[in-house]
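Let's walk through this one together, from the overall fold down to a ligand site. Keep the viewer open as you read.

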Amino acid sequence: MVKPLSIKNLVKNFGGLTATDDISFDLEEGQSTGLIGPNGAGKTTIFSQIMGEYRQTSGIIELYGSDISKLSTPARIRLGISRTYQVPRPFSDFSVLENIRVGLMPDSIWKMITQGPNREREIELALSVGFSEDDLQQTPDTLSMGDLRKLEMARTMATNPKIMLLDEVFAGLTVGEINQIAKLIQNMRKENMTFLIVSHDLKALEPLVDDAIAINYGKIIAQGAFSEVISDSAVRTSYLGTE
Ligand SMILES: Nc1ncnc2c1ncn2[C@@H]1O[C@H](COP(=O)(O)OP(=O)(O)O)[C@@H](O)[C@H]1O
Ligand SMILES: [Mg+2]
């Protein structure tokens, strides 16, 4: 069966540093995969290449069987893949609703002018990630880290993805906020969303994923069922600092 996402021999060099060193893996339709590894392992660099924000040094990225390696980021988003950022990137002068509007914006400015914003959908998305009516006109400077991550999720969902790449979605959140985001992910899993989730918080990650890929120094060091990956000795040495 054709895979939603297939990465083949991905290499990314930054000068003398190989940040992604011959990475190959597939995501399965409707499955959720954890991508784990210590700081600097290359997780975010994989996301940036999948989205076309960084061009790979070599290797191929396929979305539902088509090579997307040379497409622009907006073209990839149109094909149904999107990501969140480790450091939330809202437009600081825009309200919560306006930030979501950016994700919803149709491809052409002409459509935007003739159709105008889809306010109902903006509000629906904002409420679905847990914002209240009162939050909708807030600007990002007044939001907690939990709210900023919810906004990242809503902006990503606005592009109508089939595959979502989540980068450190739980970083800087309270337990209550982690639970909210986790619930949101669980609901989308029921609707057959395919996820690749980076998280340092293995406890929060475990119930959300079917399997895991562990990387260190840009290479895959273990892959398979989450419980097996986190108990793998190479992973424990690299990632958990224990043996
Ligand atoms: N734009 C860049 N220029 C040079 N080096 C980079 C750049 N982005 C990431 N790196 C390096 O690539 C390696 C992998 O980084 P990153 O993908 O951010 O790791 P992770 O997300 O797993 O913490 C690190 O050594 C980092 O310093
Ligand atoms: Mg990172």
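What follows goes from the whole chain to one strand, then to the ligand and a helix.

A quick note on ground rules: this is a predicted model, where local features need pLDDT of at least 70, side-chain atom pairs count only at pLDDT 80 or more, and totals for chains, interfaces and linings use all residues. Residues are numbered from 1 along each chain as its sequence is written, while chains are lettered from A and ligands numbered from 1 in the order in which they are written.

Start with the big picture. The chain carries 10 helices and 10 strands (DSSP runs numbered from the N terminus, helices being H or I with at least four residues and strands E with at least two). Its C-alpha trace spans about 50 × 40 × 35 Å along the principal axes. A compact globule of 243 residues would have a radius of gyration near 18 Å, and the chain agrees, because it has 18 Å (taken over C-alpha atoms, with the globule rule being 2.2 Å times the number of residues to the power 0.38). Of contacts between residues at least 6 apart in sequence, 66% join residues at least 24 apart (contact means C-beta atoms, placed from the backbone, within 7 Å). As for burial, 37% of the 243 residues count as buried (20 or more other C-beta atoms within 10 Å of the residue's own, again placed from the backbone; exposed is 12 or fewer, and partly exposed is in between).

Now zoom in on strand E3, residues 32–36. All 5 of its 5 residues are buried, so the strand is largely enclosed by the rest of the structure. Ser32, Gly34 and Ile36 cover one side, with Thr33 and Leu35 on the other. What flanks E3? It pairs in the parallel sense with E8 (residues 194–198) over 4 bridges, and 4 bridges also join it, in parallel, to E9 (residues 211–216); pairing takes at least two DSSP bridges. Gly34 stands opposite Ile197 in E8 and opposite Ala212 in E9.

Next, ligand 1. The residues around it include Phe14, Gly37, Lys43 and Thr44, counted when the C-beta atom, placed from the backbone, lies within 6 Å. Strand E2 (17–27) and helix H1 (43–50) each give two or more residues to this shell, and H1 supplies the largest share, 3 residues.

Finally, helix H3 (residues 96–104) has Val96, Asn99, Ile100, Arg101 and Gly103 buried. Their cover includes helices H5 (119–128) and H6 (145–157).

Notes: Two residues are in contact if their C-beta atoms, placed from the backbone, lie within 7 Å.
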